[in-house]
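Dear colleague,

Please read them with the coordinates open.

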Amino acid sequence: MMPGTFPILLVDDDPHIADLLSRSARDHFPEAEFIHVTSFEDASCYLSDLTGRGPVLVLLDINLNIGPSGLEFLHLIRTHPQGTLLPVIILSSSQEDADKKAAWLAGATAFTQKPDTYSGWKEYVSQLRSYWYQTATVPRVWFEKEKWTEQD
């Protein structure tokens with residue numbers, strides 16, 4: 001992680017989404033450093049290996065094609081002592097009310113729609129920067145290397 005960056009963990013099984021976010025951020029959120037993982041297991045391993053400062057924000061897809069869902073990862077974050085303060089924004093193509101409700105009940109900080117166009121992604125990233133980087137106070141979570149598994 002580069003000093004002075006705003007690390008964002010992106011959990012999405014589509015590499016195209018990571019590319020769109022990174023390209024959009026070059027001009028609209030240059031402080032952002034997207035850390036892309038594609039599955040529940042990769043995300044929990046990433047967090048397990050952290051020592052010190054980690055992501056200050058998580059963008060999470062609900063529907064991960066491999067293994068447990070994004071909502072299960074959200075549950076893991078919310079039940080883990082190091083993850084309770086971490087803002088988690090659902091980034092989904094779903095427009096289903098049931099998915100939105102499930103995300104809110106699981107502890108999502110926000111539910112957002114994946115844009116359909118590149119200009120939409122640029123606007124999304126610009127709004128992400130405006131709110132989460134320039135407006136809101138985001139807690140810095142200190143991570144200690146340990147296994148992120150379901151808590152008893």
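Before the helices are described, one convention is needed: a crossing is called left-handed if the near helix is turned anticlockwise from the far one by less than a right angle, and right-handed if clockwise. This is a predicted model, in which local features need pLDDT of at least 70 and side-chain atom pairs count only at pLDDT 80 or more, while totals for chains, interfaces and linings use all residues. Residues are numbered from 1 along each chain as its sequence is written, and side-chain values use heavy atoms, with hydrogens and water left out. Helices (H or I, at least four residues) and strands (E, at least two) are DSSP runs, numbered from the N terminus.

Helix packing

By the convention above, α2 passes α3 in a right-handed crossing. Helix α2 (residues 40–48) and helix α3 (residues 70–79) pack at an angle of about 25 degrees, with their axes 10 Å apart; axes here are lines fitted to C-alpha atoms, for helices over the stretch in contact, and angles run from 0 to 180 degrees between N-to-C directions. That makes α2 roughly parallel to α3, given that angles under 35 degrees count as roughly parallel, over 145 as roughly antiparallel, 65 to 115 as roughly perpendicular and the rest as oblique. On the α2 side Phe40, Ala43, Ser44 and Leu47 meet Glu72, Phe73 and Leu76 of α3, where contact means heavy atoms within 4.5 Å.

The axes of α3 and helix α4 (residues 97–106) come within 9 Å and cross at roughly 15 degrees. That makes α3 roughly parallel to α4, and α3 passes α4 in a right-handed crossing. Here Leu71, Leu74 and Arg78 in α3 meet Ala102, Ala103 and Ala106 in α4.

As for α3 itself, 7 of its 10 residues are buried, so this helix is largely enclosed by the rest of the structure; buried means under 20% relative accessible area, exposed over 50%, and partly exposed in between (1.4 Å probe, protein chains only). The buried residues of α3 are Gly70, Leu71, Phe73, Leu74, Leu76, Ile77 and Arg78, and they pack against β1, α2, β4 (57–60), β5 (88–92) and α4.

Aromatic residues

Rings of Phe, Tyr and Trp (its six-membered ring) pair if their centres lie within 6.5 Å, with planes under 30 degrees apart counted as stacked, over 60 as edge-to-face and the rest as tilted. By this rule the count comes to 6 aromatic pairs. In one of them, the rings of Phe6 and Phe29 have their centres 5.5 Å apart and their planes at 40 degrees, so the pair is tilted. Phe6 lies in strand β1 (residues 6–11) and Phe29 in the loop between α1 (15–28) and β2 (32–37), so the pair ties together parts that are 23 residues apart in sequence. Phe6 is buried at a relative accessible area of 7%, and Phe29 is buried at 0%.

For Trp121 and Tyr124, the ring centres are 5.9 Å apart and the planes at 70 degrees, so the pair is edge-to-face. Both residues lie in helix α5 (residues 118–135), 3 residues apart, about one turn of the helix. Trp121 counts as buried at 2% relative accessibility, and Tyr124 is buried with a relative accessible area of 11%. Phe6, Phe29 and Tyr133 form one aromatic cluster.

With best wishes
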